[in-house]
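Visitor: I would like to learn how to read a model of this kind, one feature at a time. Could you take me through it, giving the general idea before each case?

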Amino acid sequence: MIQDESLIVRRMEARDIPAVVSVDRAVFDDPWPESAYIQELYFNPNARYFVLLLDDASQTYEWRESRTSRIKRLVGFVGMRVERDKGHISTLAIRPEWRGRRLGELMLLRALSQAVLDGAQTVTLEVRISNHVAQGLYSKYGFQVASRLLGYY
């Protein structure tokens, strides 16, 4: 886990979309367009998206009116939805340079907690067959292969 820096997990807001799209492009070969996130945030009442921010206390900048604010870097996100009693994690990404610090696990647990709060009895997701790290994480939390979708990715 990260030391010397604070992590903030909060609901995604419209102002986060450019940074989310940037992470998406850095992580996936087939990133979502910005319009997909707009659709999810504004028009899907079942969607729950969260961002992971690094609150770097060592970097500050001045605002007018003499207010200071810490720089917050968006390093990951997760999106999920619950319909009736079924949850589905639609996306989860951590910036490549921040991997290996259990941040993906943090975001998975946030999504699973929200799914439970929203009444999900089961949760599904898709993962690329070559992504062994993600498969190991999902297996750790009880996910099992239900099917393989040939040509999905």
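Visitor: Let me begin with a single side chain: is R10 buried or exposed?

Guide: R10 is buried, with a relative accessible area of 19%, where buried means under 20% relative accessible area, exposed means over 50%, and partly exposed lies in between (1.4 Å probe, protein chains only). Before going on, please keep in mind that this is a predicted model, in which local features need pLDDT of at least 70 and side-chain atom pairs count only at pLDDT 80 or more, while totals for chains, interfaces and linings use all residues. Residues are numbered from 1 along each chain as its sequence is written, and side-chain values use heavy atoms, with hydrogens and water left out.

Visitor: Which residues are linked with R10 in a network of salt bridges?

Guide: Side chains of opposite charge can pair when their charged atoms come close. The criterion used here is a side-chain nitrogen of Lys or Arg within 4 Å of a carboxyl oxygen of Asp or Glu. By that criterion, R10, E13, R15 and D16 are linked in a network of salt bridges. Within it, R10 meets E13 at 3.8 Å, N to O, and R10 also meets D16, at 2.7 Å, N to O.

Visitor: How many salt bridges does a search of the whole structure find, and which residue pairs with E40?

Guide: The search of the whole structure finds 9 salt bridges. E40 forms one with R81, the closest N and O atoms being 2.7 Å apart. Because E40 lies in helix 2 and R81 in strand 3, this pair ties together parts that are 41 residues apart in sequence; helices (H or I, at least four residues) and strands (E, at least two) are DSSP runs, numbered from the N terminus. E40 counts as buried, at 10% relative accessibility.

Visitor: How should I read a helix, and which residues of helix 4 are buried?

Guide: An α-helix has 3.6 residues a turn, so residues three or four places apart point the same way. In helix 4 (residues 132-140), the buried residues are A134, L137 and Y138. They cover an arc of only 95° around the axis, which puts them on the same side of helix 4, the arc being that of the directions from the helix axis to the C-beta atoms. The face turned away from this buried side carries the exposed residues H132 and K140.

Visitor: Against which elements do the buried residues of helix 4 pack?

Guide: They pack against strand 4 (86-94), helix 3 (103-117) and strand 5 (122-125), with contact meaning heavy atoms within 4.5 Å. Taking L137 as one case, its relative accessible area is 17%, and, not counting residues up to four places away in sequence, L137 touches G104, E105 and L108. L137 and E105 are 32 residues apart in sequence, yet their C-alpha atoms are 7.0 Å apart in space. After helix 4 comes G142, whose phi is positive, near 90°.

Visitor: Which members of the largest nonpolar core touch the most other members?

Guide: In soluble globular proteins, nonpolar side chains tend to be buried together. A nonpolar core is here a set of buried Ala, Val, Leu, Ile, Met, Phe, Trp, Tyr and Cys residues joined through side-chain atoms within 4.5 Å. Of the 23 residues in the largest one, V78, I89, M107, L108, Y138 and F143 touch the most other members. Two or more residues come from each of strand 2 (47-62), strand 3 (68-83), strand 4, helix 3 and helix 4, and helix 3 gives the most, with 6 residues. F143, leaving aside its neighbours within four places in sequence, is in contact with I89, L108, L112, V123, T124, L125 and Y138. There is also a second, separate core of 13 residues, which includes I17, V20, V51 and F77.
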